[in-house]
Amino acid sequence: MGHKVTLISGDGIGPEVTQAARRCIDATGVKIEWEEVIAGQLALEKFGDLLPESVLESIWKNKVALKGPMVTPIGTGFRSVNVAIRQALDLYACVRPLKSYTGVRSHYKDIDLVIIRENSEDLYAGIEFEEGKPETKMLISEIEKYSKKSIRQDSGISIKPISKFASERIVRFAFQYALKYNRKKVTCVQKANIMKFTDGLFLKIAREVAKEYEGRVAFDEALVDNMSMQLVQKPHNYDCLVLPNLYGDILSDLCAGLVGGLGVAPGANIGDELAVFEAVHGSAPKYTGQNKINPTAMILSGVLMLRYLKESKAADDLENAVKEVLAEGVSVTYDLKPHRDDPSAVGTREMADAIIKKLR
Ligand code: NAD
């Protein structure tokens, strides 16, 4: 029997990379019935809603989705649709494997890291109070009363909740992931020396959970600032990183940089029953409709999806086809060429065609 999968094209370059990934996944021979739904800018124009209920219903029904990136305005405007989907469906684990592939230029070789980012709380909870609003002023005076510390009256406030429940859930997920995929070590990354009651709680829980896995998976810990330097200097010392939401987001991009950029960094948002697969990169608006952008990250997100669907052979075949095309370096997009203006670079569609050819 085939699988039913929700497909969300997304904004900007989203439709181009999701179509490329869809064609590659179909070419593996796995039978997938795609259910296309609209979210983001297009849904706003068509239905007056960035995230129509029908999108969440479709994912609930099919249990699995492949999703393109969606725009979030910076500083002002609406909140992230991407974060809203993760929160509404309780996709609490964001998994981002970052691997070196031959043919992708980077400062390092043989990197094989996995970021496991808590996806449901922290400063991404969206609990914010705008500067100057009466409720913000009331909140400031309440906090001052309880903390005995002063806050400038012209402050905006963002709340950072970190719970025992969500910390235990994500750390356990990281250890289970390590066992399942034969990884050797989990590193808990935080800033517990400064934020004792939030990051400190995350670390305390991580240490407790780690004891249950002693002798099977190694455990260590690092402060996020030091970790940023360690990753740049000695990325091979690390294996799986488990982090609260914000640090996970930032270090994902840093690690994408270690393996050659956002064009090759896939991802998955996983809950107990549902999963949504998407690349680490965003909607890269300046490249919209140009058939230029690298589809690899989205195709590799499709590989993760095939593994989740227990289609291991198809997943291996597709990953190997991607590897071959990257290693040859011929039918690849501009960002994978030695020079960005290389006239031999192919478009998004043509790179997907080359990958499909390898599957035949
Ligand atoms: P971005 O990832 O869209 O692009 C930044 C730059 O990275 C691009 O200009 C391009 O040079 C490069 N890049 C990205 N994807 C690439 C690819 N596939 N191939 C080659 N190069 C690639 O980041 P941004 O410009 O900060 O964000 C644009 C929009 O995307 C924003 O609205 C942001 O909120 C949103 N965003 C969405 C998601 C998501 O949907 N999960 C994630 C990140 C950003």
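**Close-up views of the predicted model**

**View 1. Residues around the ligand.** M70, T72, N82, G282 and A284 come nearest among the 22 residues around the ligand, where a residue counts as near if one of its heavy atoms lies within 4 Å of the molecule. By class, this shell holds 10 nonpolar, 7 polar and 5 charged residues; Ala, Val, Leu, Ile, Met, Phe, Trp, Tyr, Cys and Pro count as nonpolar, Asp, Glu, Lys and Arg as charged, and the others, Gly among them, as polar. The model is predicted, with pLDDT of at least 70 required for local features and 80 or more for side-chain atom pairs, while totals for chains, interfaces and linings use all residues. Residues are numbered from 1 along each chain as its sequence is written, and side-chain values use heavy atoms, leaving out hydrogens and water.

**View 2. Polar atoms at the ligand.** A polar backbone atom of T72 is 2.8 Å from an oxygen atom of the ligand. A nitrogen atom of the ligand lies 3.3 Å from a polar side-chain atom of H281. At G282, a backbone N or O atom lies 2.7 Å from a ligand oxygen atom. Of the 800 Å² of accessible area that the ligand has on its own, the protein covers 72% (Shrake-Rupley method, 1.4 Å probe).

**View 3. Helix 4 and its cover.** Helix 4 spans residues 81–88, and its buried residues are V81, N82, V83, I85 and R86. Helices are DSSP runs of H or I with at least four residues, strands are E runs of at least two, and both are numbered from the N terminus. Buried means under 20% relative accessible area, with a 1.4 Å probe and protein chains only. The cover over these buried residues includes strand 1 (3–8), helix 3 (53–62) and strand 11 (268–270). At the start of helix 4, the backbone nitrogen of N82 has a side-chain oxygen of S80 within 3.1 Å. Just after the helix, D90 takes a positive phi of about 50°.

**View 4. Surroundings of T333.** T333 lies in the loop between helix 11 (312–328) and helix 12 (348–359). Its relative accessible area is 0%, so T333 is buried. The side chains of T333 and D335 make a polar contact at 2.7 Å (a pair of N or O atoms within 3.5 Å; within protein, one must be able to donate a hydrogen and the other to accept it, and residues adjacent in sequence count only if both atoms are side-chain atoms). Leaving aside residues up to four places away in sequence, T333 touches residues including K292, N294, A345 and M351 (heavy atoms within 4.5 Å).

Key: Buried < 20%, exposed > 50% of the residue type's maximum accessible area, 1.4 Å probe, protein only.
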